[in-house]
Amino acid sequence: MSRESSSLHSSYERQAAYLKPRISYMSGDLYTLMQRGYLNGRNNWSAWTRTRSPSIVQRDLNTGTSVAYMAINRAMN
């Protein structure tokens, strides 16, 4: 992903700016979820660069938001 152009990253982020994240329950520990997110992110990025599908951005946004919410919630309890 780091070898991609900044214009591609900007296009991805512009799509995300118009989407609304949906939080859902995610089971597992934070380390495993973060590792899975990194690996899925590489595949999702590759798919997105081919298709520019907003559904890929939505899925990434939902997953990232859900894991972040889980981490914050656990830290506060």
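I started at Arg22 and listed its contacts, leaving out residues up to four places away in sequence: Arg22 touches Gln58, Asn62 and Ser66. I note here that the model is predicted.

Next I looked up where Arg22 sits. Arg22 is in the loop between α1 and α2, the latter covering residues 30-51. I then checked how far Arg22 is from Thr63. The two C-alpha atoms are 8.3 Å apart, while 41 residues separate the pair along the chain.

Is Arg22 buried or exposed? I read a relative accessible area of 54% for Arg22. The cut-off for exposed is over 50%, so Arg22 counts as exposed.

**Fold**

I went on to the secondary structure. I found three helices and zero strands in the protein. Read along the sequence, the pattern is α-α-α. I took the extents of the C-alpha trace along its principal axes: about 40 × 25 × 20 Å.

**Helix packing**

How do α1 and α3 pack, by angle and by axis distance? I got an angle of about 75° for α1 (residues 6-17) and α3 (residues 54-76). Their axes are 9 Å apart. Angles of 65 to 115 degrees count as roughly perpendicular, and α1 and α3 are therefore roughly perpendicular to each other.

I also listed the residues where these two helices meet. Tyr12, Gln15 and Ala16 are on the α1 side. On the α3 side I have Pro54, Val57, Asp60 and Leu61.

**Arg52**

I checked backbone angles and stopped at Arg52. Its phi is positive, about 60°, although Arg52 is not a glycine. I placed Arg52 in the loop between α2 and α3. Its relative accessible area is 37%. Buried needs under 20% and exposed needs over 50%, so Arg52 is partly exposed.

**Whole-chain numbers**

What share of the contacts with a separation of 6 or more comes from residues 24 or more positions apart? I read 86%.

For charge, I counted 10 positive and 4 negative side chains. The centres of the two sets lie 5 Å apart.

Definitions and conventions:
Residues numbered from 1 in each chain as written. Predicted model: local features only at pLDDT ≥ 70, side-chain atom pairs only at ≥ 80, totals over all residues. Heavy atoms only, no water. Helix = DSSP H or I, 4+ residues; strand = E, 2+ residues; numbered from the N terminus. Contact = heavy atoms within 4.5 Å. Lys, Arg positive; Asp, Glu negative; His and termini not counted. Charge placed at Lys NZ, Arg CZ, Asp CG, Glu CD. Axes fitted to C-alpha atoms, helices over the stretch in contact; angles between N-to-C directions. Parallel < 35°, antiparallel > 145°, perpendicular 65-115°, else oblique. Buried < 20%, exposed > 50% of the residue type's maximum accessible area, 1.4 Å probe, protein only.
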